[in-house]
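Try each task before reading its solution.

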Amino acid sequence: MEADMQNTVSKNFLSELEFSRLGAGQVAYMRKVKTDDLATSFPALPPMTPGVELWALFAANGDPIVLSDERDNILVGAQEHELQTVMLQ
């Protein structure tokens, strides 16, 4: 019985890689971010004016897809990429 439970539990755990791929190409999340945070988290992004608050659309794995000062542009970007969106606060 205990061995069965351990097998069941171990089957339900996802590796970090598996978890990062969850929803890839299907789900994205949007939230407000400051350009300072983006520059720190994603140094490959082009330089941006510090302290500006933007809307961001992120892939399920956390990679930025669209940045805009307008929320509606983020929703359009999600539709163009055929992504289901969720909003994080």
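**Exercise 1. Which residues does T35 touch, not counting residues up to four places away in sequence?**

Before starting, note that this is a predicted model, in which local features need pLDDT of at least 70, side-chain atom pairs count only at pLDDT 80 or more, and totals for chains, interfaces and linings use all residues. Residues are numbered from 1 along each chain as its sequence is written, and side-chain values use heavy atoms, with hydrogens and water left out.

*Solution.* 
- Step 1: Find T35 in helix α3, residues 35-41. Helices (H or I, at least four residues) and strands (E, at least two) are DSSP runs, numbered from the N terminus.
- Step 2: List the contacts, meaning heavy atoms within 4.5 Å. T35 touches M48, T49, P50, G51, V52 and L54.
- Step 3: Look at T49 again: its backbone oxygen is reached by the side chain of T35 at 2.5 Å.

**Exercise 2. Why does T35 count as buried?**

*Solution.* 
- Step 1: Recall the cut-offs: buried means under 20% relative accessible area, exposed over 50%, partly exposed in between (1.4 Å probe, protein chains only).
- Step 2: Apply them. T35 counts as buried because its relative accessibility is 4%.

**Exercise 3. Which residues form the largest nonpolar core?**

*Solution.* 
- Step 1: A nonpolar core is a set of buried Ala, Val, Leu, Ile, Met, Phe, Trp, Tyr and Cys residues joined through side-chain atoms within 4.5 Å.
- Step 2: The largest one has 8 residues: A28, M30, W55, L57, V66, I74, A78 and L83. At least two residues of this core come from each of β1, β2 and α4 (71-80).
- Step 3: Another core, of 6 residues, lies apart from it, and includes Y29, V33, L38 and F58. V33 sits in β1 and counts as buried because its relative accessibility is 6%.

Definitions and conventions. Polar contact = N/O pair within 3.5 Å; in protein donor to acceptor, adjacent residues only side chain to side chain.
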